[in-house]
Structures are given as C-alpha cells and as structure tokens.
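The sequence and coordinates come first.

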Amino acid sequence: MNRIFGTVLFFIFSPFFIIISLMLVCIQGFPVFFIQERVGIMNRRFQLFKFRTMIENNSNPVHSITTQNDGRVTKIGGVLRKFKIDELPQVINIIKGDINFVGPRPEVAEFVDTSPQYFSFLETCKPGVTDFSSIVFKNESELIDTESPYQYYSNYILPVKSKLAFLFLEKDSFVLRLSVVCITVISIFHHKLALHLVSAFVPVHDLELRSKINHLLNIDIF
C-alpha cells in the first residue's frame, strides 16, 4: 500500500519536484539531491534521497549532523528544511520499498553499528519518513552541542529517539499511523501544538522519557 500510494503521489507532485529541482540548479548548482546510506529493516543498507540543502555534504556521521547556525546550510536550503520540503524525494525510497510513510527514521550505519541496542526494532520494523521522534526533534539542529555534535547526539538524543521508536511499535495501528501523519503536518506550522499531541501518546508513568524530552527541548509539555 505504501508503494502504491507513493507512486501516485510521485506522479501528482512530479511538476512540483521539477520546479524545485530547476530552482536548486539555478541557485546552488549540481547535484540537486543529497544521497546518503541509511540502514533499513533487517539492517539492509540503502541510499536515502533528499533535496540538497548544504554547500558541503559528507557521509561521515560527524558531518551529517547539522548544528545550530550550521554554515553549510544554504539560504534556500534553510527554507526547504523549515517546511520539510527537502524530505519530499524520499517518496522515491517509498516506491523502492526502502521505507514506509510512517516509521522510525532510518539512521546512518555508523550509529547503528556502534549502538545496536537502540535499533533492535529494525528486525521487524521498516523505517519511515516520519514518526514520533521526527515530530519531537523537528528542530534537532538547534539542540546539538556544536563543540561535540557526534557525542551529544549519541549520548542524549539517540537514546530518546530509540525509546520513541519502541513506543511507536508498541502502539502501532492504522489509526496511529494516520495520527502521526496529521501531527507531522501540524508540526510544520505549530510545533508546540504538535508536541502536546505527541505527549498524549507517551505513557503517563514513563517519567524518565518525559523528563528527558522536556530537558532536551527545554520545555514543560511532556
């Protein structure tokens, strides 16, 4: 169903893809796409597609982590990122069967290989374009410690993303997936409201997860 719907969307929005691609070529030059190896279900590697939003891109996980005011992000790239337009080419990955519309975000191999305990869900779950963590960490680059981005992401953000992924699997249903899609759209325009909606899915008794999210985002919602 994901692949069929993805194919339909691809043809519907193909004129939009062409316009964005031409605009990026005129402003940034080639390449139009940023292609990076990610890890899918059963630890299968695949190439993830995004519109290129940086002057410099590197497959090294240290460089793949975007920090606040990252100088590599172009002006038009910042706009694409803000409205998540850079994620649109991932419909190609959906058509190929690499990912679903909804599911835990696919990670780069370095993090999966060094911290496999956080990714055991890949044994049964196909990654997706959006999930709880995509909504919670919509502005992830603003949270990253610029002095040690790799360590900060590994030690603080990744464990929370993993817990949110397992929470998604525990509650997985058609209604939940539809809810995640709707909340993702809301998060683009009203992130705080989206966070309140996601918090309703986090068990009240899971104080540790709620506390970590509040601390990372510097909020008091969860």
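Asp98 sits in the loop that runs between H4 and strand S3 (100–102). The model is a predicted one. With a relative accessible area of 15%, Asp98 is buried, because the limit for that class is under 20%. The side chain of Asp98 makes a polar contact of 3.5 Å with the side chain of Lys96. Beyond its neighbours within four places in sequence, Asp98 is in contact with Phe46, Gln47, Asn93, Lys126 and Pro127.

**Other buried positions**

Ser134 belongs to helix H6. At 19% relative accessibility Ser134 counts as buried, because buried means under 20%. Its side chain has a polar contact of 2.9 Å with the side chain of Asp131. When residues up to four places away in sequence are not counted, Ser134 touches Arg105 and Val129.

Met54 is placed in the loop between strand S2 (45–51) and helix H2 (61–64). Its relative accessibility is 3%, which counts as buried. Leaving aside neighbours within four places in sequence, the contacts of Met54 are Thr66, Asp70, Arg72, Val73, Thr74 and Arg81. Asn100 is 46 residues from Met54 in sequence, and the two C-alpha atoms are 25 Å apart in space.

Val202 lies in the loop between H9 and H10, and at 2% relative accessibility Val202 counts as buried. Leu167 is 35 residues away from Val202 in sequence, yet their C-alpha atoms are 7.6 Å apart in space. Leu167 is also one of the contacts of Val202, together with Leu209, Arg210 and Phe222, once neighbours within four places in sequence are left aside.

**Cores**

In soluble globular proteins, nonpolar side chains tend to be buried together. Which residues have the most contacts inside the largest nonpolar core? They are Phe111, Phe132, Val136, Phe137, Leu164, Ile213 and Phe222, in a core of 39 residues. At least two residues of this core come from each of helix H5 (109–114), helix H6 (132–136), H7, helix H8 (174–189), helix H9 (191–199) and helix H10 (207–217). The most comes from H7, which gives ten residues.

Phe222 is in contact with Val136, Leu195, Val198, Ser199, Val202, Arg210, Ile213 and Asn214, its neighbours within four places in sequence being left aside. A second core of ten residues is separate and includes Leu9, Ile20, Ile76 and Leu80.

**Helix H7**

H7 covers residues 149–171, a run of 23 residues. From first C-alpha to last, H7 reaches 31 Å, close to the 33 Å expected at 1.5 Å a residue. H7 also has a kink of about 40° at Ile157, shortly before the proline Pro159.

**Backbone geometry**

The peptide bond from Phe30 to Pro31 is cis, with omega near -5°. Pro31 is located in the loop between helix H1 (2–27) and strand S1 (33–39).

Lys84 and Asn218 each have a positive phi in a residue other than glycine. Lys84 is in the loop between helix H3 (75–82) and helix H4 (91–96), while Asn218 is in the segment after H10. Their values are listed below.

| Residue | Phi | Relative accessibility | Class |
|---|---|---|---|
| Lys84 | near 60° | 26% | partly exposed |
| Asn218 | near 55° | 70% | exposed |

**Cysteines**

How many disulfides does the structure hold? The count is zero. A disulfide is a covalent bond between the sulfur atoms of two cysteines. Cys182 counts as partly exposed, because its relative accessibility is 43%. Cys26, at 69% relative accessibility, counts as exposed.

Note on methods. Residues numbered from 1 in each chain as written. Predicted model: local features only at pLDDT ≥ 70, side-chain atom pairs only at ≥ 80, totals over all residues. Heavy atoms only, no water. Helix = DSSP H or I, 4+ residues; strand = E, 2+ residues; numbered from the N terminus. Expected span 1.5 Å × (residues − 1). Bend = angle between axes of the 7 residues up to and from the residue. Core = buried A, V, L, I, M, F, W, Y, C linked by side-chain atoms within 4.5 Å. Buried < 20%, exposed > 50% of the residue type's maximum accessible area, 1.4 Å probe, protein only. Contact = heavy atoms within 4.5 Å. Disulfide = S-S within 2.5 Å. Polar contact = N/O pair within 3.5 Å; in protein donor to acceptor, adjacent residues only side chain to side chain.
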